[in-house]
Amino acid sequence: QVQLVESGGGLVQAGGSLRLSCTASGSIFSINAMGWYRQAPGKQRELVARTITDGGSTYYADSVKGRFTISRDNAKNTVYLQMNSLKLEDTAVYYCNANMGRWGTNYWGQGTQVTVSS
């Protein structure tokens, strides 16, 4: 079993910052990538940012480029999402994702609420 535990969500005013953390534990094996997705009410879950283990490349959704930064501590199996200049439209439940193993199995955290107020 693999568990992903997120922390760091909360309520913040527009223009503010939050830092999300996600730690993987349990039967960890060959992490291919870790990332963050989000889902706002009435919308589909979307990829926010992702970091690939092999080579360390990163991907950001256009809507967060220049404002969000993803990073990893491989020794701790932890991924972070630093979110700056938050906007109202960033309000969503943020989910941590880890893709592992030869078959690319996806594991998900329970989600953490981020609410940006005006």
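Biologist: Which residues touch the most other members of the largest nonpolar core?

Modeller: In this predicted model, that core has 28 residues, and Trp36, Val48, Phe68, Leu81, Met83 and Tyr94 touch the most other members. Strands that give two or more residues to the core include E1 (2-7), E3 (18-26), E4 (31-39) and E5 (46-52). Also among them are E7 (68-73), E8 (78-83), E9 (92-100) and E11 (112-117).

Biologist: Which strand gives the most to this core?

Modeller: That is E9, with 5 residues.

Biologist: What makes you say that E9 is largely enclosed by the rest of the structure?

Modeller: Buried means under 20% relative accessible area. In E9, 8 of the 9 residues are buried, so the strand counts as largely enclosed.

Biologist: How do you know that E9 pairs with E4, and in which sense?

Modeller: Two strands pair if there are at least two bridges between them. E4 and E9 have 8 bridges, and the sense is antiparallel. As an example to look for, Ala33 has Asn99 in E9 as its bridge partner.

Biologist: What about E9 and E11: how many bridges join them?

Modeller: There are 3 bridges, and the two strands run antiparallel. At least two are needed for a pair, so E9 and E11 pass with 3. You can find Tyr94 opposite Thr112 in E11.

Biologist: Which residues of E10 stand opposite Ala98 and Asn99?

Modeller: Ala98 has Tyr107 as its bridge partner, while Asn99 stands opposite Asn106. E10 covers residues 105-108, and its antiparallel pairing with E9 runs over 4 bridges. The two strands form a hairpin with 4 residues between them. In that turn, Gly101 has a positive phi of about 80 degrees.

Biologist: Which residues is Phe29 in contact with, leaving aside its neighbours within four places in sequence?

Modeller: They are Val2, Met100, Gly101 and Tyr107.

Biologist: Now to the cysteines. How do you know that Cys22 and Cys96 form a disulfide?

Modeller: A disulfide needs the two sulfur atoms within 2.5 Å. The sulfur atoms of Cys22 and Cys96 are 2.0 Å apart, and the pair forms a disulfide. The structure holds 1 disulfide.

Biologist: Which parts does that pair tie together?

Modeller: Cys22 lies in strand E3 and Cys96 in strand E9, so the pair ties together parts that are 74 residues apart in sequence.

Biologist: Is this disulfide left-handed or right-handed?

Modeller: The torsion about the S-S bond is about -80 degrees, so the disulfide is left-handed.

Biologist: Are the cysteines buried or exposed?

Modeller: The cut-off for buried is under 20%. Cys22 has 0% relative accessibility, so it counts as buried. Cys96 also has 0%, so it too counts as buried.

Biologist: E3 has come up again. In which sheet does E3 sit?

Modeller: E3 belongs to an open sheet of 4 strands in the order E1-E3-E8-E7, with antiparallel pairing.

Biologist: What makes E1 and E7 the edge strands?

Modeller: Each pairs on one side only. From one strand to the next, the twist averages 15 degrees.

Biologist: How many bridges join E3 to E8?

Modeller: There are 6, and the strands run antiparallel. Ser21, for example, stands opposite Tyr80 in E8.

Biologist: What is the phi of Asn77, and why is Asn77 called partly exposed?

Modeller: Phi is near 50 degrees, a positive value in a residue other than glycine. The relative accessible area of Asn77 is 23%, so the residue is partly exposed. Asn77 is in the loop between E7 and E8.

Biologist: And where is Ser85?

Modeller: Ser85 is in the loop between E8 and E9. Its phi is near 50 degrees, again positive in a residue other than glycine. At 40% relative accessibility, Ser85 counts as partly exposed.

Conventions:
Residues are numbered from 1 along each chain as its sequence is written. This is a predicted model: local features need pLDDT of at least 70, side-chain atom pairs count only at pLDDT 80 or more; totals for chains, interfaces and linings use all residues. Side-chain values use heavy atoms; hydrogens and water are left out. A nonpolar core is a set of buried Ala, Val, Leu, Ile, Met, Phe, Trp, Tyr and Cys residues joined through side-chain atoms within 4.5 Å. Buried means under 20% relative accessible area, exposed over 50%, partly exposed in between (1.4 Å probe, protein chains only). Contact means heavy atoms within 4.5 Å. Axes are lines fitted to C-alpha atoms, for helices over the stretch in contact, and angles run from 0 to 180 degrees between N-to-C directions.
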